[in-house]
Amino acid sequence: MSKPKILIARAVFPEIIARLEAHFDVESNQADASWSKAELIARLKDKDGAFTTGGDRIDAEVLAACPQLKICANMAVGYNNFDIAAMTAAGVLATNAPDVLTETTADFGFALLMATARRITESEHYLRAGKWTKWSYDMFAGSDIHGSTLGILGMGRIGQGIAKRGAHGFGMKVIYHNRSRLDAALEAECKAGYVGKEELLKTADHLVLVLPYSPASHHSIGAAELALMKPTATLVNIARGGIVDDAALAAALRNKTIAAAGLDVFEGEPSVHPDLLTVPNVVLTPHIASATIPTRLAMASLAAGNLIGFFKENKPLTPLNPAVIAIK
Ligand code: 8YV
């Protein structure tokens, strides 16, 4: 019997490719960059499954062109690159890679918060440029983290990880807003209090965005929301670019509507809004919140496990639209 055909849409660990090759007939992207949509379709149209990353869009157009496709396994917890409704309608299973990246991503969220609030990259650039000639009492004065109020928008697993770091590690008062409130035990574990979105914006000294991206969360933070924040506040986005209106944020940073921002994700990445590149009070990183080798390996391994589980026993590990399995 011939093996199912799998496409690996982005270069990934050689050991993961080898593991998949033991079960499947594999074609993998060995290029540095992602394929265009036309190229993705050309390679996916005769495949039974795909190993995707957050930048590989699987929508109705791709699905219509790839009738053999049965599963797409995302090496990411976020899956806004998948049109889940279209995948379900086409009978294509979607899986993501939750949990394995939670702590690493929460670590990074905190690192970005600290770098932003304490102006670490801005001051390093100053030093490297040879501008440091004397000590002065207010040179690169930032805002305190310990004892301040940490706001979290989106209180899933990663949000909870950030809350625990803030409350237990830095004595921060933690407030959050989420579609649904956590149960009392989880709120106590995170030492976090539920507030409305407006109160969150007005009260937080540091606001971290960790909510999933969807049409409903598009530009959740725009000019109106930034205007509600404290002029001393910092904003950190480790969720998805489209959640923040980048042009409005650049203007708010320039006008000192808020003090500083730390961004790991951008609307239209890897392009970055040009205005963000010219304001000094923003720390910019290239979507690396989950980037440690053990975590990326665990994410890739979970995506591979989903493909193997699905094709071998019809048992994917972390399905997003399990109704598809029931139909088959
Ligand atoms: C990924 C991410 O690195 O898991 C996610 O949702 O944003 C990142 O951890 C990226 O999406 C590549 O798949």
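Lys191 sits in the loop between α8 (184–190) and β8. Its phi is near 50°, a positive value in a residue other than glycine. The protein averages a pLDDT of 97, and 99% of the residues score at least 70. Both ipTM and pTM are 0.96. Where pLDDT is low, the predicted coordinates should not be read in detail.

Phe140 also has a positive phi, near 50°, and it is not a glycine. Look for Phe140 in the loop between α6 (120–128) and β6 (149–153). Phe140 counts as partly exposed because it has 14 C-beta neighbours inside 10 Å.

Now return to β8 and step past its end. Val195 lies in the loop between β8 (192–194) and α9 (197–203). Within 10 Å of Val195 there are 16 other C-beta atoms, so this residue is partly exposed. Val195 and Met229 are 34 residues apart in sequence. In space, their C-alpha atoms are 15 Å apart.

The peptide bond that joins Glu269 and Pro270 is cis, with omega about 10°. Pro270 belongs to the loop between β11 (260–263) and α12 (274–278).

Next, the strands. Strand β9 covers residues 206–209. In a regular strand the side chains alternate between the two faces of the sheet. In β9, His206 and Val208 point one way. Leu207 and Leu209 point the other way. Which of these residues are buried? All of them are.

β9 has paired strands to follow. β6 and β9 pair in the parallel sense, over four bridges. In this pairing, Ile152 stands opposite Val208 of β9. β9 also pairs with strand β10 (residues 234–237), again in the parallel sense and over four bridges. Here Leu207 has Leu235 of β10 as its bridge partner. The chain goes from β9 to β10 through helix α10 (residues 223–228), and this β-α-β crossover is right-handed.

Strand β1 (residues 5–8) and strand β2 (residues 25–28) are parallel and share four bridges. Ile8 has Ser28 of β2 as its bridge partner. Helix α1 (residues 14–21) carries the chain from β1 to β2, in a right-handed β-α-β crossover.

An unreviewed UniProt entry places "domain: D-isomer specific 2-hydroxyacid dehydrogenase catalytic" at residues 6–321. That span is 39% helix and 15% strand, and its end C-alpha atoms lie 20 Å apart. UniProt, also in an unreviewed entry, lists residues 110–289 for "domain: D-isomer specific 2-hydroxyacid dehydrogenase NAD-binding". Over residues 110–289 the chain is 36% helix and 16% strand. The end C-alpha atoms of this span are 10 Å apart.

How values were computed
Residues are numbered from 1 along each chain as its sequence is written. This is a predicted model: local features need pLDDT of at least 70, side-chain atom pairs count only at pLDDT 80 or more; totals for chains, interfaces and linings use all residues. pLDDT is the predictor's confidence in each residue, from 0 to 100. Two strands pair if DSSP finds at least two bridges between them. Helices (H or I, at least four residues) and strands (E, at least two) are DSSP runs, numbered from the N terminus. A crossover is right-handed if, with the strands pointing away from the viewer, the path from the first strand over the helix to the second runs clockwise. UniProt positions are given in the numbering used here, feature names are shortened, and annotations may be inferred rather than shown by experiment. A residue is buried if 20 or more other C-beta atoms lie within 10 Å of its own, exposed if 12 or fewer, and partly exposed in between; C-beta atoms are placed from the backbone.
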